[in-house]
Amino acid sequence: MQAHGSANSPSPRLPLTVVGGYLGAGKTTLLNALLSDPQGQRIAILVNDFGEVDIDGRLLEASSEDPHSGKPLAGDILTLANGCICCSMVDGFAETLETVRGFADRIDRVVVEVSGVGDPRQVARWGQLPGFTPDGVIVLVDPLSIRARASDRYVGETVVRQVAGADLVVISRTDLADEDLLVETETWLATTTGAMVVRSPVPAAVLLGPPLRIDHVATDNDDARSTPPDHVSIVRHLDAPVSRASVEAWMATRPLGVARAKGLVRIDDRPDDRSVLQVCGSSATVTVDGPWDGGDAVVVAIALPGTPRAGLVKWLGLLR
Amino acid sequence: MTTTIHPAASIHTFDPSRPTADAVAVRNGRFLAVGSVDELLRIDGATIDGSLERFTLIPGLVEAHCHAMAGGMWHHTYCGYYDRRGPDGTMWPGCTTIAEVIDRLRDAEADLPTPADPDDPLLAWGLDPIYFTGERLVAEHLDRVSTTRPIFVFHASGHLATVNTALMATEGINADTDVDGVPKDGHGDPIGELQEPVAMALAGRAFRKIFADIKTDESLWNFGNEARNTGTTTLTDLGNQQSTDVAEVARYQQVFDHDDFPARVSVFHMPAPGTPDTLAETAAAVTANRDNSSDKLRFGHVKLIIDGSIQGYTARLRWPGYVNGAPNGLWLLPPEQVIDVLRPYHRAGLLIHAHCNGDEAVDVFLDAVEGLLGETPRVDHRHTVQHCQLTTPDQYRRIAALGMCANVFSNHTWYWGDQHAASTVGPDRAGRMNSARTALDLGVPLSMHSDAPITPLGGLHVAWAAVNRLTATGNVLGPNERISVDEALRAITVGAAHQLKMDDEVGSISPHKFADLAILEADPFAVDPMELRDVPVWGTMLGGRTFQAG
Ligand SMILES: Nc1nc2c(ncn2[C@@H]2O[C@H](COP(=O)(O)OP(=O)(O)OP(=O)(O)O)[C@@H](O)[C@H]2O)c(=O)[nH]1
Ligand SMILES: [Mg+2]
Ligand SMILES: [Zn+2]
């Protein structure tokens, strides 16, 4: 069902989310979790280590003409059971993104797994190309090994750079680490990165945020449909353009606990354009993705369990 | 069965049993004997061919680190700072000012069909603005060449491009473009510079065309023609990810096995990382690909890349790192996985060459090889450290002890030596870079390379750089690391052949080996060492057939 009066034409820009973290940190595990609960979104997964696409075999489309039996070779594009696609890039990022752009009518977003020694912040820059919009750098951290890695002679700087460049850090292997280690890890992370830090498992709606196509989310002024249990979510419709100053104030004063927010709004100094507001962990951006095509403007936010709703309401109220 | 005797003005064989000779005798594309003309005339049916009488002959040069794509840029207009000879022999004078760049592009533009087709951009390459005092090439300059045809000028660094207003209009690069690396002027309009790959990709068609043209057959022929022009008879394609694909093998066979292609090419496979299973499959595929080899085309070795480049601040350096405070570089393979990645290739008996620019990358490669030799001892494996730019004496001792080889990037002293002294590693370590003297003194089998297209193909220039260690501004950088002309020429012939496991076939003028020669118009041992790179090359002999330089 479509939201009445909302700006619901497909976004001309695909959100591109980057998932990084050192070898074995749990990147592919997180992607597999996303693919098995994709929030109604059709996701293109790109694997940026010129290597094997290690997607859970059960998620691969069982297809007689697919000879790869779950072990695709570099450069292949695979169809996944839920309509998503998966592709490993051998000809370089520019060409792969060109290919993905060709699928734009069949997918809602792109998620890139960066190699264990890659710099996810650098990879995220590709999201600035026409047809895409950067939508978050998520870095996985294994609490059992991160401290040793961060002081390793060879990879220390690489690991610290990955973590420092994150918008959202996800601590993996919380089932194997005790509370002391998790707290110690969080303390270290607080001095290493400005990113928001969360413990796994993290619901898909937090990792990906609400879909850009607003018809997928709530139609009333209350909770978004896809909100994971315990998390707090809130939607606000706006009927008039908001001021640039209020957008800047809104971005600068996020309440603690806001993991994700997304909005399609008109801003007074560009009233004919559709401006996209995005929050992923510690980062907030505003971009223009095309002409305004009528309907209500809307903003959706998702916050961690325990975040006071009143603060969120007040925060969204800043946009005016 | 014909036997041809080629007398020459002088011959240096680099074969210790007979270092010099008056003539060579060639039969069936191989050297039959060297000696005096009288000696050789005793061979039954031998006839004299006097056409090389006025030349100096040395073994055909062997380039153990270059790339087949080196010929690809010549589809486009050269506008670099240094004079450069194209594969057809045309000499392109360096563009040392922006005005000269504009003139060069105007000439190229005049040759293109009119009216300008927006899908057919004017592409140029090699721009090296570091010596343009204070001036920066921007769209406004290129608009003086054309306001209708898109223009894309690729800088030598590979990190930057400058485009004109017509290109920005066609590709929608404008005030609204919100991409890092697109600098704007006071009015908020882009100035035409595109920095780093993401911004360069905005140039769409032009950006893609540069890379598409690299993959044409013409580009492969250019590669061979540049070899011929520089006295090179054995080339490498050091790292091709597709080299085990049937189509790629066929494409290479069609050009490199062609009778008229003037060089031999050793193609190294560049594997994609994977699981132990997939790596073992790759090792098997590389081994099987040896069956597609011929006298002129070789498959069957492996190339890996461990770090980035020093001038790009992406090489991995030991302490004290980069002197300008830049963070340490990038790993292209996770250090802890290098041994696992190499294992299947080492076990399969394959030759491994690994790109290690920084000294820390060398440590990682040596640790991996030492570990593998402990698990699976091999003799005479010749695993080679490629580039080896900051390799230290302790590392050279390990390289020798492990039975490995070093291929150093001597041209760097000339092309980037001043920048290394000023900003990457500082004057002390810059003088230790590409330390060929130390490598030889510590018993390391040595070769030296151009890494074409990174620097121009040409062994005599590489040797000249190692002999003189001159920088572009005329400083001698690290005089204690200079080597002799003899040592340098050995490194780019028999030394390189050894690292390619081809020294039984090429690299010296010896009975049995292919009759491959560099045919020179002066004796490199007779000229001032400072003029070594200027020794004119008449052409080459490949398998007994002469090829005159373009
Ligand atoms: N117990 C536990 N195991 C995990 C968790 N996350 C990942 N793993 C395991 O850790 C191993 C590595 O996880 P991957 O998801 O493949 O890690 P990756 O970051 O994609 O690894 P690379 O791509 O090789 O760098 C796998 O065996 C996973 O099953 C977790 O939260 N708990
Ligand atoms: Mg993975
Ligand atoms: Zn190279």
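**Backbone and a helix**

Analyst: Let's start with G231(B), which sits just after α7(B) and takes a positive phi of about 80 degrees. Helices (H or I, at least four residues) and strands (E, at least two) are DSSP runs, numbered from the N terminus. Some ground rules: this is a predicted model, so local features need pLDDT of at least 70 and side-chain atom pairs count only at pLDDT 80 or more, while totals for chains, interfaces and linings use all residues. Residues are numbered from 1 along each chain as its sequence is written, chains are lettered from A and ligands numbered from 1 in the order in which they are written, and side-chain values use heavy atoms, leaving out hydrogens and water.

User: Got it. How many residues does α7 of chain B have, and how far does it reach?

Analyst: α7(B) has 13 residues, 217-229, and spans 19 Å from its first C-alpha to its last. That is close to the 18 Å expected at 1.5 Å a residue, where the expected span is 1.5 Å times one less than the number of residues.

User: And how many residues of α7(B) are buried?

Analyst: 10 of the 13, which makes α7(B) mostly covered. Buried means under 20% relative accessible area, exposed over 50%, and partly exposed in between (1.4 Å probe, protein chains only). Among the buried residues of α7(B) are L220(B), F223(B), E226(B) and R228(B).

User: Switching to the interface. How many residues does each chain put into the contact?

Analyst: Chain B gives 34 residues and chain A gives 24, with contact meaning heavy atoms within 4.5 Å. On the chain B side, those residues divide into 16 nonpolar, eight polar and 10 charged. Here Ala, Val, Leu, Ile, Met, Phe, Trp, Tyr, Cys and Pro are nonpolar, Asp, Glu, Lys and Arg are charged, and the others, Gly among them, are polar.

User: What area do the two chains bury between them?

Analyst: About 2,400 Å², with 53% of it on carbon and sulfur atoms. Buried area is the accessible area (1.4 Å probe) lost by two parts on being put together, summed over both. In chain B, V198(B), W331(B) and E336(B) lose the most area to chain A, together 20% of what that side buries.

User: How many salt bridges are there between chain B and chain A?

Analyst: Six, taking a salt bridge as a side-chain nitrogen of Lys or Arg within 4 Å of a carboxyl oxygen of Asp or Glu. One joins R316(B) to E157(A) at 3.0 Å, N to O. R153(A) also forms a salt bridge with D363(B), their closest N and O atoms being 2.9 Å apart. That pair crosses from the loop between α4 (146-150) and α5 (156-164) of chain A to helix α11 of chain B.

User: R153(A) first: buried or exposed?

Analyst: R153(A) counts as exposed because its relative accessibility is 52%. D363(B), at 6%, counts as buried.

User: How many salt bridges are there over all chains?

Analyst: The count comes to 45. One to look at is K262(A) with D135(A), whose closest N and O atoms are 3.2 Å apart. K262(A) lies in strand β10 and D135(A) in strand β6 of chain A, so the pair ties together parts that are 127 residues apart in sequence. Both K262(A) and D135(A) are buried.

User: Which residues are linked with those two in a network of salt bridges?

Analyst: R109(A) and R260(A) are linked with D135(A) and K262(A) in that network.

User: Nice. What about R264(B) and D516(B)?

Analyst: Their side chains meet in a salt bridge at 2.7 Å, N to O. R264(B) is in strand β15 and D516(B) in the loop between α17 (485-499) and β21 (517-520) of chain B, 252 residues apart. R264(B) is buried at 3% relative accessibility, and D516(B) is buried with a relative accessible area of 3%.
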